[in-house]
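Visitor: Hi! Could you walk me through this model while I have it open?
Guide: Happy to, let's bring it up.

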Amino acid sequence: MKAKSIEYVISAVAGAFFSFFGILAIPLALLIPCNIIDYFTGLAASKVNGEKITSHKSFAGIVKKVMMYILIFVGFGIDCMLSYVAVTLHIETKFPLLFAAMVASWLVINELISITENCEATGVVIPILSPVLRFIKKKIEIAVDIPEDDDTRATSHKDNG
């Protein structure tokens, strides 16, 4: 009877998570365990390689993980503003959390790369993982490469002054 209750609670929590986050649920469901695994594989790699693990280094790692979620929130903010503009202009959008999901997905790829690097640093090497993950990361970076135009910033600054 107790096992069934636990199943119901897990199902309810998972359902609520996926319902609340929508398209963002899968990247977040992957990012959270990736953050934890990366943190601990990083500690293991440091220990195996004789590096000193300090509280400062550990805290910096945790801060980096927290910053990832702040970046997802920034993507969410972009999505909210685009949604607001789309509704105002009566434009139908198909992906309400597109930028947040893209940021979260990119972060998952980075975490997976870091996990494979940490494993390699401990002596566990699977040659196919790192190259495939780096290839995916490169494809994403190339797809979203938007050149910055310095003249545009200078012109808009002059118009405001």
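**Pockets, salt bridges and cysteines**

Guide: Let's begin with the second largest pocket, where α4 makes the biggest contribution to the lining, with 4 residues. Keep in mind that this is a predicted model.

Visitor: Which residues line the second largest pocket?
Guide: M102, V103, S105, W106, I140, E141 and V144 form the lining. Both α4 and α5 supply at least two residues each. By class, the lining has 5 nonpolar residues, 1 polar and 1 charged.

Visitor: And what volume does the second largest pocket have?
Guide: About 150 Å³. The largest pocket holds about 330 Å³ of space.

Visitor: OK, which residues are closest to the centre of the largest pocket?
Guide: D38, Y39, G42, L43 and K57, out of 16 lining residues. The elements that each give two or more residues to that lining are α2, α3 and α4. The largest share comes from α2, with 6 residues.

Visitor: How does the lining of the largest pocket divide by class?
Guide: There are 4 nonpolar, 6 polar and 6 charged residues.

Visitor: Switching topic: how many salt bridges does the structure hold?
Guide: The total is 6 salt bridges. One of them joins the side chains of D38 and K65, at 2.4 Å from N to O. That pair ties together distant parts of the chain, with D38 in helix α2 (residues 25-48) and K65 in helix α3 (residues 55-88), 27 residues apart.

Visitor: Is D38 buried or exposed? What about K65?
Guide: D38 counts as buried because its relative accessibility is 8%, under the 20% cut-off. K65 has 12% relative accessibility, so K65 counts as buried too.

Visitor: Which other pair has its closest N and O atoms 2.4 Å apart?
Guide: E117 and R134 form a salt bridge with that N to O distance of 2.4 Å. This pair also links distant parts of the chain: E117 belongs to helix α4 (residues 98-121) and R134 to helix α5 (residues 129-143), 17 residues apart. E117 is partly exposed, at 34% relative accessibility, and R134 is partly exposed as well, at 40%.

Visitor: What about K137 and E141?
Guide: Their side chains meet in a salt bridge at 3.9 Å, N to O. K137 and E141 are 4 residues apart in helix α5, so about one helical turn separates them. K137 is partly exposed at 23% relative accessibility, and E141 is partly exposed at 31%. E141 is also among the residues that line the second largest pocket.

Visitor: Now cysteines. How many disulfides does the count come to?
Guide: The count comes to 0 disulfides.

Visitor: Last one: what span should helix α1 have, and how far apart are its ends?
Guide: Helix α1 covers residues 2-21, and at 1.5 Å a residue its 20 residues should span 28 Å. The end C-alpha atoms are 29 Å apart, which agrees. Just after α1, G22 takes a positive phi of about 55°.

Definitions and conventions
Residues are numbered from 1 along each chain as its sequence is written. This is a predicted model: local features need pLDDT of at least 70, side-chain atom pairs count only at pLDDT 80 or more; totals for chains, interfaces and linings use all residues. Side-chain values use heavy atoms; hydrogens and water are left out. The expected span of a helix is 1.5 Å times one less than its number of residues. A salt bridge is a side-chain nitrogen of Lys or Arg within 4 Å of a carboxyl oxygen of Asp or Glu. Buried means under 20% relative accessible area, exposed over 50%, partly exposed in between (1.4 Å probe, protein chains only). A disulfide is a pair of cysteine sulfur atoms within 2.5 Å. On a 1 Å grid over the protein atoms alone, a cavity is a set of points where a 1.4 Å probe fits but cannot get out, and a pocket is an open set with protein on both sides within 12 Å along at least five of seven lines; lining residues have an atom within 4 Å of a point. Grid points are joined across faces, edges and corners, and a volume is the space filled by probe spheres set on the points. Ala, Val, Leu, Ile, Met, Phe, Trp, Tyr, Cys and Pro count as nonpolar, Asp, Glu, Lys and Arg as charged, and the others, Gly among them, as polar.
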